[in-house]
Amino acid sequence: KYMREEMPARYSTSKSYRSYLENHILPKWGERRVDDVRANEVRLWLKSIPLASKTVGHIRDLVRTLFRFAMLWEWIPVAENPMTLFRIERSTRRKQKPRVLSPEEFHKLVKAVREPYRTMVILDACLGLGCSELLGLCWCDFDWIKSEVKIQRGIVDGRVGSVKTEYRNKPLPLQIGRAHV
């Protein structure tokens, strides 16, 4: 019922949710009645999943959403959501510090990549966009008079959608000038 009626409209979010449901949640809990599922069982199960802690945190959050949905439909009593009784350690932190390329490494990378990917690598290094936002750029997004670019859309699996957050939908300044070679 959740998948039919409450799945988020955003394509990339619903795709992730479907993956979590079909590959993890339903195989483990699909045959159980929601009122028979215990928080500690879910906690132990989540600890056993061999995925990144951030992904496990997303799965826990989706289980929390499913419990909230079950309360809405009165399949279980309205109470404190059992998924709030525990945390997934480090689910909001990176496991490793991101590696930053040196200018020399970046130049080697740019030389090794062919077009159109070379332009995409350079543009992404300059603007710091997500992959979907980079793919969603159009020439009309660039305002050369104001020296800015508007990030207005993202593309995931060939589907055009809005940007993920309102903060992304603001113009980015462009430094236009002579390149130093």
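**Entry 1: helix H4**

I began with H4 in this predicted model and looked up which of its residues are buried: Ser53, Val56, Gly57, Ile59, Arg60, Leu62, Val63, Thr65, Phe67, Phe69, Ala70 and Met71. What do these buried residues pack against? I found helix H1 (2-5), helix H2 (11-29) and helix H3 (39-48).

Next I checked the span of H4, which covers residues 53-72. Its 20 residues reach 29 Å from first C-alpha to last, close to the expected 28 Å. Just after H4, I noted that Glu74 has a positive phi of about 60°.

**Entry 2: the cores**

I then turned to the largest nonpolar core, which has 24 residues. Ile25, Val42, Trp45, Leu46, Ile59, Met83 and Phe86 touch the most other members. H2, H3 and H4 each give at least two residues to this core, and H4 supplies the largest share, eight residues.

Which residues does Trp45 contact, leaving aside neighbours within four places in sequence? My list reads His24, Ile25, Lys28, Trp29 and Ile59.

I also found a second, separate core of nine residues, including Leu137, Phe142, Val163 and Leu174.

**Entry 3: a sheet**

Last, I followed an open sheet of three strands, in the order S1-S2-S5, with antiparallel pairing. Why does one side of S1 and of S5 lack a neighbour in the sheet? Strand S1 (142-143) and strand S5 (171-173) stand at the edges, so each has a single partner strand. S2 (residues 148-150) pairs with S5 over three bridges, and there I saw Val149 opposite Leu172 of S5.

How values were computed: Residues numbered from 1 in each chain as written. Predicted model: local features only at pLDDT ≥ 70, side-chain atom pairs only at ≥ 80, totals over all residues. Heavy atoms only, no water. Pairing = 2+ DSSP bridges. Helix = DSSP H or I, 4+ residues; strand = E, 2+ residues; numbered from the N terminus. Expected span 1.5 Å × (residues − 1). Buried < 20%, exposed > 50% of the residue type's maximum accessible area, 1.4 Å probe, protein only. Contact = heavy atoms within 4.5 Å. Core = buried A, V, L, I, M, F, W, Y, C linked by side-chain atoms within 4.5 Å.
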